[in-house]
Amino acid sequence: PDLQVLDISGGEVTSAGLFHLSLFCTKLTELYLSGCKRVTNEGITAIAQRNGNTLRLLDMQGCSMVGDEAATSLARHCKEALEVVSFQCCPRLTQAGFLVVCISCHGLRHLTLKHCQVAEEHVEMLPDDIKEKLTIRLVKSGERL
């Protein structure tokens, strides 16, 4: 129950697994899900609901089933703690999900996007006060970090 950092990148975890994890591990500060293709919005919502006050970093690179619903849950439950998020290769994230995370997550400092439905003009549309505090890395196809 005191688990704070969990890296299950490349694993076969499902949203049901994340739901059960969220029931018992409510102190997560960092969660790495890179390449967990079976994770959906429901799994991210479960984590956000129960770890919203502690979760600082969430890596969802390659979680292709994750999109706007997960972003909305992060915005609703992780307003202050969340600092770093990666939505790389999350094609279901649109401008709407991007905007709600940027505007609602006041602690957010770094956001990485790649293969999402977010374009440079969406980033430019953000209010100046958000652009000043938030580093957004919009990775183009073929570009490496």
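1. At what angle do helix α1 and helix α2 pack, and how far apart are their axes? In this predicted model, α1 (residues 15-24) and α2 (residues 41-51) pack at about 10 degrees, and their axes lie 7 Å apart. Angles under 35 degrees count as roughly parallel, and α1 and α2 are therefore roughly parallel to each other.

2. On the α1 side, the contact is made by Ser15, Leu18, Phe19, Leu21, Ser22 and Leu23. Helix α2 contributes Glu42, Gly43, Ile44, Ala46, Ile47, Arg50 and Asn51. By class, the residues of this contact of α1 with α2 are seven nonpolar, four polar and two charged.

3. Asp68, Ala71, Thr72 and Ala75 of α3 meet Ala96, Gly97, Val100, Val101 and Ser104 of α4. The contact of α3 with α4 divides into five nonpolar, three polar and one charged residues.

4. The protein chain has six helices and six strands. Along the sequence, their order is β-α-β-α-β-α-β-α-β-α-α-β.

5. Along the principal axes, the C-alpha atoms fill a box of roughly 40 × 30 × 25 Å.

6. Of the 145 residues in the protein chain, 47% are buried. The accessible surface comes to about 7100 Å², with 52% belonging to carbon and sulfur atoms. Among contacts between residues at least 6 apart in sequence, 79% join residues at least 24 apart.

Technical notes:
Residues are numbered from 1 along each chain as its sequence is written. This is a predicted model: local features need pLDDT of at least 70, side-chain atom pairs count only at pLDDT 80 or more; totals for chains, interfaces and linings use all residues. Side-chain values use heavy atoms; hydrogens and water are left out. Axes are lines fitted to C-alpha atoms, for helices over the stretch in contact, and angles run from 0 to 180 degrees between N-to-C directions. Helices (H or I, at least four residues) and strands (E, at least two) are DSSP runs, numbered from the N terminus. Angles under 35 degrees count as roughly parallel, over 145 as roughly antiparallel, 65 to 115 as roughly perpendicular and the rest as oblique. Contact means heavy atoms within 4.5 Å. Ala, Val, Leu, Ile, Met, Phe, Trp, Tyr, Cys and Pro count as nonpolar, Asp, Glu, Lys and Arg as charged, and the others, Gly among them, as polar. Buried means under 20% relative accessible area, exposed over 50%, partly exposed in between (1.4 Å probe, protein chains only). Accessible areas come from the Shrake-Rupley method with a 1.4 Å probe; for residues, only the protein chains shown count as cover.
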